[in-house]
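Here's a quick briefing to read alongside the coordinates. It goes through salt bridges, then the sheet, then the cores.

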Amino acid sequence: MEMIKTDFVLDAKGLACPMPIVKTKKAINNLEAGQVLEVQATDKGSKADIKAWSESSGHQYLGTVEEGDVLKHYLRKESGEEKLEKKHPHVISNDELDQKLSSKEDLIVLDVREHAEYVFSHIPKAKSIPLGELENRLDELNPETPIYVVCRTGNRSDLAAQKLTDKGFKKVVNVVPGMSNWEGQTKKAID
């Protein structure tokens with residue numbers, strides 16, 4: 001099983017409802033936008049509770065991994081990215097990317113979401129380079145190959161597409177709306 005990179009681990013083991021949620025609220029308030037929180041809990045009801053709370057509060061519920069009696073819940077702190085203005089001029093829809101993938105064109109799908117988001121669900125063969133690491137990992141990309149940049153909503157991918165274009169990449173396309181509405185094939189990097 002692949003390790004999931006997190007920014008903070010909250011130990012809520014042995015606590016019963018509502019304490020895992022109470023502690024999760026406090027912990028996520030101390031994170032910066034976009035950071036990932038791992039909540040370790042033993043309360044079986046915490047899976048539904050944490051998922052419902054994260055979605056109602058605007059935070060992104062990534063998923064839960066069970067390890068014995070411990071449930072490891074992964075959440076990404078809301079970043080306000082849905083409100084950012086899109087600026088990259090070259091854009092395609094999820095369906096158009098899915099068609100390109102079916103046609104076996106030579107292309108790169110670049111997933112710029114955080115590692116924990118990628119691990120729970122990504123487009124098969126997508127390359128994971130989180131937005132914050134992109135400038136330091138440009139050498140991993142071929143500037144001659146078309147690059148289709150994807151994130152959760154099309155906003156981080158818009159920023160990544162702009163960065164790539166600024167660095168001389170010529171064939172860069174932002175995929176919108178991104179993984180939040182992706183209906184094509186997906187893969188998990190965990191069991």
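How many salt bridges does a search of the whole structure find? It turns up 11, where a salt bridge is a side-chain nitrogen of Lys or Arg within 4 Å of a carboxyl oxygen of Asp or Glu. Bear in mind that this is a predicted model, where local features need pLDDT of at least 70 and side-chain atom pairs count only at pLDDT 80 or more, while totals for chains, interfaces and linings use all residues. Residues are numbered from 1 along each chain as its sequence is written, and side-chain values use heavy atoms, with hydrogens and water left out.

**Salt bridges**

- R76 and E117 pair up through their side chains at 3.4 Å, N to O. That link spans distant parts of the chain, with R76 in strand β4 and E117 in helix α4 (residues 115-120), 41 residues apart. (Helices, H or I of at least four residues, and strands, E of at least two, are DSSP runs numbered from the N terminus.)
- R76 is buried at 3% relative accessibility, and E117 is buried at 2%. (Buried means under 20% relative accessible area, exposed over 50%, partly exposed in between, with a 1.4 Å probe and protein chains only.)
- K72 meets E67 at 2.9 Å, N to O; K72 is buried at 16%, whereas E67 is partly exposed at 34%.

**Sheet and helices**

- Four strands form an open sheet in the order β1-β2-β4-β3, with mixed pairing. (Two strands pair if DSSP finds at least two bridges between them.)
- The edges are β1 (8-12) and β3 (60-67), each pairing on one side only.
- β1 and β2 (residues 36-41) run parallel, joined by 5 bridges; L10 has V39 as its bridge partner in β2.
- Helix α1 (residues 19-29) packs on the sheet, touching β1, β2 and β4 (70-76), and its direction makes about 160 degrees with that of β1. (Axes are lines fitted to C-alpha atoms, for helices over the stretch in contact; angles run from 0 to 180 degrees between N-to-C directions.)

**Nonpolar cores**

- The largest nonpolar core has 16 residues, and L110, L134, L141, I147, V149 and L164 touch the most other members. (A core is a set of buried Ala, Val, Leu, Ile, Met, Phe, Trp, Tyr and Cys residues joined through side-chain atoms within 4.5 Å.)
- β6 (108-111), β8 (147-150) and α5 (156-166) each give two or more residues to this core; α5 has the largest share, 3 residues.
- Another core, of 13 residues, lies apart from it, including I92, L97, I123 and V173.

Note on methods: Contact means heavy atoms within 4.5 Å.
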